[in-house]
Amino acid sequence: MQYGLTEEQILLRDTVRKLAKEKVEPGAAARDQKGEFSWEMVGLLRENGLFGVDFPEEHGGAGAGLLALIIVCEELSKVDASTGMLPVAQELGTLPILLAGNPDQKKKFLSALAAGEKLSAFALTEASGGSDVAAFRSRAVKKGDSYVLNGTKTFITNGGVADTVTVYALTDPAKGGHKGSSVFVVEKGTKGFSVGKHEDKLGIRSSETVELIFEDCPVPAENILAGEGMGFAIMMKTLDFSRPAVGAQALGIAAGAFEYSLNYAKERVAFGKPIIAQQGVSFKLADMALNIEAARQLLYKTASVLQELPKDMSRLSPETIRLSSMSKCFCADTAMRVTVEAVQVLGGYGYVKEYPVERYLRDAKITQIYEGTNEIQRVVIMSTY
Ligand code: COS
């Protein structure tokens, strides 16, 4: 096994890095301030084939693997975590279909998602709390050729702009969430499916986060994934595969904040020399660099392991589940630590919107919360020993 990136992965990294610098970074602060979903960024990613990086070739993707997707998310998030979020959310919303869909479902949904012609969303979380998945209450009741869906999902990334949403609901409440839940692909425009509240967020402000409401919403029975009772297992395995991409977003935020504060420290003079020559500042930067590199190695290793495994409903090993949670958790904690220090290096300039580091700090926080809080990741890690 080769250790390190392949030539193709290095080329992908350098290409996306250039694209991000030239086309994503210039509008990032304005998009953050506006706090609106950016179709312009969707178009840019679509034109450059960045939605389908980890989709199989037979369904219109590049088949380049999870590590390639991680590289894309990292490079985009170095300049704008909201844009970095776009391929992360596309992967998350689509994974239940990739893992558990039958050939007809894959044929119907995947190619438009791989091309970025359509967007997807993942609807798991409910208002009662995002961590205890088995306790969620949305219901799906079989009636003839449909399941009638009722419930409300909260904090759904891209929920209002998505064409297909993978929704978790109870089909047999008596069996409880672990054995009595299922996942459905719900298409935009289905009767009884509407978008509720739009969240006004601290960070990743140009990614969309909404409430989704299902009121007597008839979903064709053919849209259930892998049959009744498979919901919890599908969603857990989806998260095992998707969490590293959040790690990549976090890593990108950390690396972007580090690069900015490093350059600043080389130029800013105090007490007659650049502040990087002051040990108090240089040790901070050294610790930031240390953590970023450690996070990157853990994340790349995790992606390299996961991308060799079949995307189906076979059970992952405890070691693989552990790696997935560790990489998300460590990258997110690194992003918080590094962005706080980046603000400190810039001092007052770190605290004002004229400079990007306060945005990096605001963007970093969500990576410790979504796709399973970092406390949940620690629960998962310890459950694997
Ligand atoms: N893959 C496959 N099966 C899994 C699994 C996984 N990753 N994790 C658990 N299971 C199985 C268990 O083996 C158990 O099966 P058996 O009943 O056959 O023994 C069953 O599922 C229940 O497992 P467990 O008791 O551990 O489930 P809990 O209800 O305690 O929940 C956690 C487990 C906390 C890990 C889960 O609810 C979770 O991941 N929560 C966070 C959700 C999240 O990320 N939300 C954010 C949404 S996206 S923004």
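This is a predicted model: local features need pLDDT of at least 70, side-chain atom pairs count only at pLDDT 80 or more; totals for chains, interfaces and linings use all residues.
Local features need pLDDT of at least 70 and side-chain atom pairs count only at pLDDT 80 or more, whereas totals for chains, interfaces and linings use all residues. Residues are numbered from 1 along each chain as its sequence is written, and side-chain values use heavy atoms, with hydrogens and water left out.

Helices (H or I, at least four residues) and strands (E, at least two) are DSSP runs, numbered from the N terminus. Strand E4 (residues 164-170) pairs with E5 in the antiparallel sense, over seven bridges. Pairing requires at least two DSSP bridges between two strands. Val167 stands opposite Phe184 in E5. Buried means under 20% relative accessible area, exposed over 50%, and partly exposed in between (1.4 Å probe, protein chains only). Six of the seven residues of E5 (residues 181-187) are buried, so this strand is largely enclosed by the rest of the structure.

Phe155 belongs to strand E3 (residues 146-157). Its phi is positive, at about 55°, although Phe155 is not a glycine. Phe155 is exposed, at 54% relative accessible area. Asn158 lies in the loop between E3 and E4. Asn158 also has a positive phi, of about 60°. Asn158 is buried, with 2% relative accessibility.

A nonpolar core is a set of buried Ala, Val, Leu, Ile, Met, Phe, Trp, Tyr and Cys residues joined through side-chain atoms within 4.5 Å. The largest has 94 residues, and Ile70, Leu124 and Tyr168 have the most contacts inside it. Helix H8 (residues 231-267) gives the most to this core, with 17 residues. A second, separate core of 20 residues includes Ala140, Ala169, Phe193 and Cys217.
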